[in-house]
Amino acid sequence: MSAATTRSRTPDRLCAEAVDLARGAAEEAAAPGVVGEHAGVVSEGDRVVTHFFECRELGYRGWRWAVTVARASRAKIVTLDEVVLLPGPDAVLAPEWVPWSERLRPGDMGPGDLLPTDAEDLRLEPGYSGEDTPPPNSAVSEEMADLVEAEDAEVTEGPSRNLPAAPSRGSVAAVAEELGMRRARVLSRYGLHTAADRWEEAYGAKTPMAQAAPAACVSCGFLMPLGGSLGQAFGVCANEFAPADGRVVSLAYGCGGHSEAAVMPKTPRPAPPVIDETRVDPFPLRPAPDSGSVPPVTDEEAAELGHS
C-alpha cells in the first residue's frame, strides 16, 4: 500500500475539525430545523473530507446532508466544496423507474388513448418486401411508361368518373393498396407465438373450465374457424351463453355449452283428434239397467232385505 493511499484514508485533521463550518453550510442550503446531529466523517482524498448530518425533513427518512470541505496544501484555512442531500444505507428510496412500454398491461387503454409501436417491434415484420421501384418488366415500371408515351395512342385526359383512379406508377405501395395488401407491417413469427401463448393461457386446455368440459371446441358447432396458420389451433366462440363468447379459444378448450354435449330430445306431441262429421253418435238419456256394478232388484226383493 502506498503512502498516498494511506493518507487518503485518514481524514485531514483540520478538515475533520471543521464541523461548525459544515453545519453552517448545510443549514444555509436546507430549510430551518431540518439539519440534525453530526453523523460522521469520511475522507474523500488528500485534505478532502465529507461531513454527514442527519436529515429531519419529512419524507426523507434515512437521508443525510453531505458537506464536503477541503484545504490547499500547506494552508490552514478550510474552504467549502459542496453541499448535497444523499441517501444513507437505510434510506427510503423511490422504486426503480420502468419505461411506460414495460408498465403497460392489457386493459389499460381507454377511449381516445393512442398506443405507439416501436419501429423495431419484434412482433411485427414488413407487410411486403422489395425495392420501392418495380422491376423493369413490370407494367407499372418507368421503362414501360416511357414506351407507352412513345406510342401514338389517344389517351383521355383523366379517368372516367365511373371507374376508380389508377394507382401511381412506379410504386410497390400503390400496387399493394390496389390488391388489398396495403399493410406496412404484419405479425411476425414471434408475434404469432406470443399471441398464441396468451390465448392458450386464457382459453386453453389447462383451464379449469376445459378440464371439466364434456367435449373440446374442435367438435363444437358454435366454433368459428380462423384463417391463416393460427386457424390450425384456434377459433372464435360464437355461443352467446358460453363464458368465452366472442373470444379466441383453443381447439382443445371446452365448456358446458358444447353444441353436442347434451342434445335435448324433442317433446312428443299427441296426434290431432279425428272428428267424423258424417254420422250421428247416439247418447242415451238414462243409463242402461245393466251398466252398473250392482245387479238390479225389484221392490219386493228389497222389502225382504229390510229396505223401505
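Colleague: Where does Val84 sit?
Modeller: Val84 is in strand β4, which covers residues 79-87. Keep in mind that this is a predicted model.

Colleague: Is Val84 buried, exposed or partly exposed, and why?
Modeller: Val84 counts as partly exposed because its relative accessible area is 31%, and that class lies between 20% and 50%.

Colleague: Which residues does Val84 touch, if I skip the ones up to four places away in sequence?
Modeller: Arg64, Trp65 and Ala66. Take Ala66: it is 18 residues from Val84 in sequence, yet the C-alpha to C-alpha distance is 5.3 Å.

Colleague: On to rings in general. How many aromatic pairs turn up in the whole structure?
Modeller: A search of the whole structure gives 3. One of them is Tyr60 with Trp63, an edge-to-face pair with 5.4 Å centre to centre and 85 degrees between the planes.

Colleague: Are Tyr60 and Trp63 buried or exposed?
Modeller: Tyr60 is partly exposed, at 33% relative accessible area. Trp63 counts as buried because its relative accessibility is 19%, and the cut-off for buried is under 20%.

Colleague: What about the pair Tyr203 and Tyr253?
Modeller: That pair is edge-to-face too, at 5.6 Å centre to centre and 90 degrees between the planes. It links distant parts of the chain, with the two residues 50 apart. Tyr203 is in the loop between α7 (189-202) and α8 (208-211), while Tyr253 is in the loop between β9 (248-250) and α9 (299-304).

Colleague: And how buried are Tyr203 and Tyr253?
Modeller: Tyr203 counts as buried at 16% relative accessibility, and Tyr253 is buried with a relative accessible area of 4%.

Colleague: Switching to cores. How many residues are in the largest nonpolar core?
Modeller: It has 18 residues, and those with the most contacts inside it are Val35, Phe53, Trp65, Val67 and Val69. Helix α3 (19-29) and strands β2 (48-55) and β3 (63-70) each supply at least two of its residues. The largest share, 4 residues, comes from β3.

Colleague: What does Val35 contact, leaving aside neighbours within four places in sequence?
Modeller: Arg23, Ala26, Glu27, Ala30, Phe53, Glu54 and Trp65. Phe53 and Trp65 are also on the list of residues with the most contacts inside the core.

Colleague: Which residues does the second core include?
Modeller: It's a separate core of 11 residues, and Tyr203, Cys237, Tyr253 and Cys255 are included. So the Tyr203 and Tyr253 you asked about are in there, and each is buried.

Colleague: Another spot: where is Ser188, and is it buried or exposed?
Modeller: Ser188 is in the loop between β6 (185-187) and α7. It is buried, with a relative accessible area of 6%. Beyond its neighbours within four places in sequence, Ser188 is in contact with Leu122, Arg123, Leu124 and Glu125.

Colleague: Last bit, the whole chain. How many helices and strands?
Modeller: 9 helices and 9 strands. Buried residues make up 23% of the 308 in the chain.

Colleague: And what are the surface and contact numbers?
Modeller: The accessible surface is about 24300 Å², with 55% of that belonging to carbon and sulfur atoms. Of the contacts between residues at least 6 apart in sequence, 52% join residues at least 24 apart.

Notes. Residues numbered from 1 in each chain as written. Predicted model: local features only at pLDDT ≥ 70, side-chain atom pairs only at ≥ 80, totals over all residues. Heavy atoms only, no water. Buried < 20%, exposed > 50% of the residue type's maximum accessible area, 1.4 Å probe, protein only. Contact = heavy atoms within 4.5 Å. Phe/Tyr/Trp six-rings, centres within 6.5 Å; stacked < 30°, edge-to-face > 60°. Areas by Shrake-Rupley, 256 points an atom, 1.4 Å probe, with all protein chains shown as cover. Core = buried A, V, L, I, M, F, W, Y, C linked by side-chain atoms within 4.5 Å.
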